[in-house]
Amino acid sequence: MKSKIAQLRKQRRISQEELANAVGVTRQTITSLEVEKYTASLILAYKIAKYFGMTIEEVFDFSEMEDSNGKL
Amino acid sequence: MIIGSVYCCLVPLLAIVLHFSVGETLSSGFTLGMVTGIAAVVLFFVIQYAHALRSEEKIRKLYIAETDERNQYIQNRCACSSILIILAAIALATLVASYFDRTVFYTLLTATYCIALIIGSCKLYYRKKL
């Protein structure tokens, strides 16, 4: 799943290690999320969104799951 | 950690005593090897945890590594794939053994059924639990 984690992190000059420690996962998990190899659980998505002060939809892109009418 | 330390000290010692008191048989040798192997693994974890207990930062890192959701996901996927590969391999070995040795054939057949039964039981358990 696409996300804006890398972009948000770079904007705020936060390292992967710092973000990982803040949300309670390993740095490898953050890397996997950024390269779209792993999809975060709802709890992790919430923690990451909260860390950046945003909503889950603002951080993670759910458009791939929607059809052309915007339905899931 | 205390249980681990006790295991590392006592059980290999008992296995050594057993090995030399019974005499060097295949089963006593195997028991000694297995117990020593387990003791080595337990010792590794005891040292790791003892080391981590010295600093708050190390405990936190260890906790994150243990509870990390990607690591848990990898473990789950690994366990699922491994058990199916093992089941297929034993089933194949059972088939091959049926042409050569009756005892080996029945042993492998029992192992295949046991693994299949355990997989089925676990699936039923988790379907009800989750």
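**Briefing: a predicted two-chain helical model**

Arg13(A) occupies the loop that links helix H1 (5-11) to helix H2 (16-23) in chain A. The structure containing this residue is a predicted model. Chain A consists of five helices and zero strands, and chain B likewise has five helices and zero strands. Nine residues of chain A are in contact with six residues of chain B. The points below treat the chains in turn, then their contact.

- Although Arg13(A) is not a glycine, its phi is positive, at about 55°.
- Arg13(A) has 7 other C-beta atoms within 10 Å and is therefore exposed, since a residue with 12 or fewer such neighbours falls in that class.
- Glu36(A) is a further residue other than glycine with a positive phi, here near 60°.
- The loop that holds Glu36(A) runs between helix H3 (27-34) and helix H4 (42-51) of chain A.
- Glu36(A) is exposed because 11 other C-beta atoms lie within 10 Å, and the limit for an exposed residue is 12 or fewer.

**Overall form of chain A**

- From the N terminus on, the order of elements in chain A is α-α-α-α-α.
- The radius of gyration of chain A is 12 Å, which agrees with the value near 11 Å that a compact globule of 72 residues would have.
- The C-alpha trace of chain A extends over about 40 × 20 × 20 Å along its principal axes.
- Of the 72 residues in chain A, 21% are buried.
- When contacts in chain A between residues at least 6 apart in sequence are considered, 49% of them join residues at least 24 apart.

**Packing of H2(A) against H4(A)**

- The axes of H2(A) and H4(A) are 10 Å apart, and the two helices pack at an angle of about 120°.
- The crossing of H2(A) with H4(A) is right-handed.
- H2(A) contributes Leu19(A), Ala22(A) and Val23(A), which meet Leu44(A), Lys47(A), Ile48(A) and Tyr51(A) of H4(A).
- By type, the residues of this contact between H2(A) and H4(A) comprise six nonpolar, no polar and one charged.

**The segment after H5 in chain A**

- Met65(A) belongs to the segment that follows helix H5 (56-59) of chain A.
- Met65(A) counts as exposed because it has 9 C-beta neighbours inside 10 Å, and the class covers residues with 12 or fewer.
- Between Met65(A) and Thr39(A) there are 13 Å in space, C-alpha to C-alpha, and the two are 26 residues apart in sequence.

**Overall form and domains of chain B**

- Read along the sequence, the elements of chain B also give the pattern α-α-α-α-α.
- Chain B has a radius of gyration of 20 Å, whereas a compact globule of 130 residues would have one near 14 Å.
- Taken along the principal axes, the C-alpha atoms of chain B fill a box of roughly 60 × 50 × 25 Å.
- Two domains divide chain B, with domain 1 covering 1-67 and domain 2 covering 69-130.
- The centres of domain 1 and domain 2 of chain B, taken over C-alpha atoms, are separated by 27 Å.
- Buried residues account for 5% of the 130 residues in chain B.
- Among contacts in chain B with a separation of 6 or more, 43% are between residues 24 or more positions apart.

**Ile83(B) in helix H4 of chain B**

- Ile83(B) is part of helix H4 of chain B.
- With 15 other C-beta atoms within 10 Å, Ile83(B) is partly exposed, because this class lies between the limit of 12 or fewer for exposed residues and that of 20 or more for buried ones.
- Ile83(B) and Ala116(B) are 33 residues apart in sequence, and their C-alpha atoms are 9.4 Å apart in space.

**Contact between the chains**

- The contact joins six residues of chain B to nine residues of chain A.
- On the side of chain B that touches chain A, helix H3 (56-67) and helix H4 (69-97) of chain B each supply at least two residues.
- H4(B) gives the most to this side of chain B, with three residues.
- The residues on the side of chain B that touches chain A divide by type into two nonpolar, one polar and three charged.

Technical notes. Residues are numbered from 1 along each chain as its sequence is written. Chains are lettered from A and ligands numbered from 1 in the order in which they are written. This is a predicted model: local features need pLDDT of at least 70, side-chain atom pairs count only at pLDDT 80 or more; totals for chains, interfaces and linings use all residues. Helices (H or I, at least four residues) and strands (E, at least two) are DSSP runs, numbered from the N terminus. The radius of gyration is taken over C-alpha atoms; the globule rule is 2.2 Å times the number of residues to the power 0.38. Two residues are in contact if their C-beta atoms, placed from the backbone, lie within 7 Å. Domain bounds come from an automatic or database domain assignment. Axes are lines fitted to C-alpha atoms, for helices over the stretch in contact, and angles run from 0 to 180 degrees between N-to-C directions. A crossing is left-handed if the near helix is turned anticlockwise from the far one by less than a right angle, and right-handed if clockwise. Ala, Val, Leu, Ile, Met, Phe, Trp, Tyr, Cys and Pro count as nonpolar, Asp, Glu, Lys and Arg as charged, and the others, Gly among them, as polar.
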